[in-house]
Amino acid sequence: MSEFKTIIEPFKIKMVEQINVTSKEERLDFLKQAHYNPFLLNSDKVMIDFLTDSGTSAMSANQWAGIMQGDESYAGASSWHHMRDTIYDLTGHEYILPTHQGRAAERILYGYLGGKGKTFISNTHFDTTRANIEFSGAEAIDIVIEEGKAPKTFHPFKGNIDTKKLEDLIIEKGAENIGGVILTVTNNSGGGQPVSMENAKDVAAICKKYNVRYFLDCCRVAENAYFIKHREKGYETSTYKEIAQELFALVDGSIMSAKKDALVNMGGFLSLRDEELASACKNLLIITEGFATYGGLSGRDMEALAIGLKEVFEPDYLHYRIRSTAFLGEKLKEMGVPLVWPIGGHAVYIDAKELYPHIPVHEYPGQALVCELYLKGGIRTVEIGSVMFGKYDEEGKLIPSPMELVRLAIPRRVYTQSHIEYVIEVFEKIMEDRKNAKGLKIIEEPKFLRHFTSKFVRVA
Ligand SMILES: *Cc1c(COP(=O)(O)O)cnc(C)c1O
């Protein structure tokens, strides 16, 4: 590794995408038109877009070259072989089913294994994972370790599963009623926190003991491998790919949204060892996604995915990726911005309840920070608090979410050090002006997923 402190982006820029630089006055207008919900803003009104890391990666020159070489033959396409061989090399799973994105693979696998009376157990089910399981009639139970729920306690692997709870649950529900155990690496809904190899192995032993299926939700498996190499004893000399291969060796199958660590804008897959299960899933794939050699993907998508899945394990890339996310988090922490600690792989989470103690939860401190970040700096983020998860009791009173967080999700290979320095400067202004931030009131909301389309007004 380099002797210098500064971590340079390990790439040069060949093509640029214009950012429209806006003024504070313009942004106030735009935000009013968007009813104080930046989800409703057109992207050309945003300067730094931290809404999500999903499907927002910048592709490499090699990936773009691969796009040109995509083989669009209906059967026997070379791009399919390239994608299949790359995934097989990584997972060692014999049956590989391409899908148009992660949730399509979830619908097929969990729809088939789920149904009334079944239970799935995970560190934390991602929202589409939970939705697909519950839609099948099954239940989804999260059992991340206690440290994973405490925003400020340091633990190197806050994404770990509570193995005692896992064993108790399998016994309580009956092993035959467990649809599967799903290990999400890194734990997206739990702050992008990693899972240790030791924990992944302990879970494997329990699943084996009770003959329960074990799957990896591997959207961010390369990022998780980085944390294992640098935080867990015994992996100092392993490559990131070897660590990932060891994780895949433990499980019966995996699901990936390639929009994360495969560095593409669309795509996914399901990988399985069991022939019978794979054959059942393949039938569902053909009915709803496409023939087994392309799922919902075009040849060029599969080509870019295969190349991205190799690039993501390059040491210089991963070092830059994890350290640049941590750099932002560490600078904000030094400045006194309350946040979830330690910093996970793909995002920084700010504790808005602590930042704005004068804004009560029913006036949505997280949404207030989302609006302030946009007004002051043109930065788009997302509230993960009572706007997203709040419910109402019978009298119509808000039942708040346990935490009021704001997520800054960092797209891969998109922003440079100076963009990050700018974000840090915007936070200096946020801190100076924290007492003046105002809460919000919802004036219009849909029944489900209200963070997407709710409309707000500022509380005077
Ligand atoms: C994004 C994501 C999914 C769903 O994938 P899509 O490609 O968005 O359908 C599933 N699990 C995790 C952990 C994710 O981050």
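Helix 12 (315-334) and strand 9 (347-351) each supply at least two residues of the side of domain 1 that touches domain 2. Helix 12 gives the most to that side, with seven residues. Helices (H or I, at least four residues) and strands (E, at least two) are DSSP runs, numbered from the N terminus.

This is a predicted model, so local features need pLDDT of at least 70 and side-chain atom pairs count only at pLDDT 80 or more, while totals for chains, interfaces and linings use all residues. Residues are numbered from 1 along each chain as its sequence is written, and side-chain values use heavy atoms, with hydrogens and water left out.

Let's turn to charge. The rule finds seven salt bridges across this interface, a salt bridge being a side-chain nitrogen of Lys or Arg within 4 Å of a carboxyl oxygen of Asp or Glu. Elsewhere in the listing of such pairs, the side chains of K152 and D351 meet in a salt bridge at 3.3 Å, N to O.

Now for the domains themselves. An automatic or database assignment gives domain 1 (24-53 + 314-458) and domain 2 (61-311). In all, 24 residues of domain 1 are in contact with 26 residues of domain 2, with contact meaning heavy atoms within 4.5 Å.
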